Amino acid sequence: MNRFRPARTGPWLLIAASVACLALGDILYAFGRYGIADVSYLSMFVTIGLALLQLTRGGTLLMTRARLIDLVACACATLLVVWVFVIADSHRLGDIVATDVIGALLLIGVAARLIAATWFNWSAVLLCVGAAGMLSSDIAYGLHPRWWTETGFMVLYLAWGGAALHSSMVELTAPIPARQIPWKGRWAALLGVSVATPPIVLLVESLSGAVTDGVVIAVAGAITLVLMITRLSDSALLSNQAEARERALREASASLVAAPDEAAVDEAVRAAVGKLLPPTKVLFATDDRKLALEALPAAAAGPGSRSWWLSSPTAAPNPKPDVEATLICPLWLEPLAVARPSGGALVLTGRRETLDAGRDALEVLAGQAALALDRIALVEAIGRRDSDLYLRAVIRNTADIMLVTDEDQVIRYASPALRSLLGDKEIPPFATLADLVHPDDRTQVRRKLRENGDGVVHCALQRSDESQVLVEATYRDLREDRLVQGYVVTMRDVTEAHDPAERIPRLDHVDELPAWVNRRSAQHKFRY
């Protein structure tokens with residue numbers, strides 16, 4: 001355990017205690033202390049049963065605790081029938097101890113169930129091999145008490161010791177996401193038959209004569225009844241938890257549908273997480289830029305996993321259920337089965353076992369948040385389009401030069417007067433304001449528009465014939481405006497107030513031009 005560090009050490013300590021009880025029983029049996037030896041053997045079955053019960057706690061790899069309860073109830077009913085109708089007042093059938101055989105059979109059944117649930121885990125296989133070795137020696141030693149018939153017990157010691165030393169032992173206690181197991185009628189029927197067995201045995205014994213095993217029947221009936229109540233309590237608890245998750249998701253869905261902006265979406269997501277999980281650290285990033293600031297990996301652009309842990313499996317091979325872990329749920333568009341173009345994720349930090357239990361609900365919540373964000377973005381885009389159409393209709397015939405650019409200076413709308421001024425029929429798509437400006441002025445235009453607030457910048461626009469138009473551009477910073485989210489630039493042609501030499505075409509070989517033209521660069525710096 002110190003080498004592989006499983007998530008929980010309790011089950012393996014109980015398995016070690018069961019081996020110690022078995023070894024102690026063998027020693028006492030060799031010294032003729034048969035009564036105390038039988039107590040040690042029975043203690044071995046109690047400790048190994050508790051170990052198997054611990055392996056089903058906290059969403060581990062034995063499918064559900066309900067299945068183990070059904071198996072234990074069935075084994076209890078079977079033991080009662082064998083005790084009353086086969087063993088009767090004697091605890092032995094010949095030299096074979098019937099209780100040991102029944103206990104070994106129960107261990108083999110539960111271990112086989114564990115193998116099926118873990119897809120051939122070597123530690124589970126070794127546990128089953130050890131139980132099979134004990135069963136074979138219980139039968140063989142009762143028939144032929146020789147030294148070679150005790151080899152099954154040697155196999156038990158070696159197999160269970162190997163199960164605790166193999167690296168796959170950590171998988172038996174590693175936390176996994178809770179999954180919904182469909183209801184199957186045969187398990188309910190098995191539990192019902194197990195609970196009905198004690199009164200049926202009591203009825204048969206009373207009809208056949210005096211009731212001689214009333215205490216055993218009463219104890220078996222009490223055990224099966226407690227197991228049934230536990231089973232029903234677990235089912236009711238799971239049902240209540242599922243109902244609470246569904247209610248929280250419905251309320252979150254209603255809040256997200258009514259959310260008018262990203263702040264309302266963030267508030268609705270945090271409220272839903274508070275209802276789904278205990279106090280947990282939440283980071284709701286609407287795009288990958290915020291994830292980069294938090295030093296977290298960006299969400300994948302294409303189809304992929306709906307959630308993953310921040311630490312890779314190679315970095316944390318044996319996750320503890322009681323330590324903090326970080327779960328990343330990308331903002332996944334559920335109906336479209338794609339990630340949002342701008343990325344983003346719901347990042348939660350808390351106990352790994354708690355996050356595992358609510359992982360499915362958190363993935364659904366992240367998908368609903370992604371849909372809400374895209375709905376808000378679509379509504380805002382439609383509003384901006386309508387605003388641009390309104391602006392285009394109002395100033396279509398005006399002589400004013402007006403531009404609307406995005407935050408990255410891409411021209412979203414340009415008035416017809418600008419196209420007339422530049423001599424172009426149409427501005428290229430995705431053109432920026434810097435693309436229209438003379439190369440000497442591009443740096444200052446970019447710098448001005450990166451600053452917050454309004455301002456004025458003087459620059460030269462380059463026409464298609466390489467001549468220049470000097471303009472005074474007044475810009476307004478409306479990036480925070482919900483309908484604009486960019487800059488509104490108004491230009492005024494001031495070419496007539498400057499030297500006509502500044503408007504001649506630029507040639508590659510300026511040395512061939514007269515000196516008064518070569519002085520243009522100096523004049524350009526001081527023209528304003």
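# Strands, helices and burial

Me: What makes strands β5 and β8 a pair?
Reply: Strand β5 (residues 324–330) runs antiparallel to β8, and 7 bridges join the two. Pairing needs at least two bridges, so β5 and β8 qualify. One of the links is L327, whose bridge partner in β8 is L348. All of this is read from a predicted model.

Me: What makes β3 a partner of β8 too?
Reply: The antiparallel strands β3 (residues 281–285) and β8 are joined by 5 bridges. With at least two bridges required, β3 and β8 therefore pair. On this side V282 has L348 of β8 as its bridge partner.

Me: Why is T197 called buried?
Reply: Its relative accessible area is 12%, and the cut-off for buried is under 20%, so T197 is buried. T197 sits in helix α7 (residues 185–208). Leaving aside residues up to four places away in sequence, T197 touches A77 and V81.

Me: What makes the approach of the T197 side chain to V193 close enough for a polar contact?
Reply: A polar atom of the T197 side chain lies 2.6 Å from the backbone oxygen of V193. The limit is 3.5 Å, so the distance meets it.

Me: Why is D261 called partly exposed?
Reply: D261 has a relative accessible area of 34%, which lies between the 20% and 50% limits, so the label is partly exposed. D261 belongs to the loop between α8 and α9. Its side chain reaches the backbone nitrogen of A264 at 2.9 Å. Along the chain D261 and A372 are 111 residues apart, while their C-alpha atoms are separated by 9.0 Å.

Me: How do you know that the span of helix α8 is close to what is expected?
Reply: Helix α8 (residues 214–258) has 45 residues and reaches 66 Å from first C-alpha to last, against an expected 66 Å at 1.5 Å a residue. Its buried residues include I217, A220, R231, D234 and L256.

Me: Why are C21 and C128 called buried?
Reply: C21 has 19% relative accessibility, and the threshold is under 20%, so C21 is buried. C128, at 16%, is buried for the corresponding reason.

Me: How many disulfides does the whole structure have?
Reply: A search of the whole structure finds 0. No pair of cysteine sulfur atoms therefore lies within 2.5 Å.

Me: What is the confidence in the chain, and where is it lowest?
Reply: The mean pLDDT of the chain is 76, with 76% of residues at 70 or more. Helix α16 (residues 515–518) has the lowest confidence, a mean of 41, and helix α9 (residues 262–276) the highest, at 90.

Me: Which contacts does the model place in the stretches where pLDDT stays under 50?
Reply: Residues 312–319 have 7 contacts beyond four places in sequence, and residues 501–528 have 40. Where pLDDT is low, predicted coordinates should not be read in detail.

Me: What is the make-up of the chain overall?
Reply: The chain has 17 helices and 13 strands. Of its 528 residues, 42% are buried.

Note on methods. Residues numbered from 1 in each chain as written. Predicted model: local features only at pLDDT ≥ 70, side-chain atom pairs only at ≥ 80, totals over all residues. Heavy atoms only, no water. Helix = DSSP H or I, 4+ residues; strand = E, 2+ residues; numbered from the N terminus. Buried < 20%, exposed > 50% of the residue type's maximum accessible area, 1.4 Å probe, protein only. Polar contact = N/O pair within 3.5 Å; in protein donor to acceptor, adjacent residues only side chain to side chain. Contact = heavy atoms within 4.5 Å. pLDDT = per-residue confidence, 0-100. Expected span 1.5 Å × (residues − 1).
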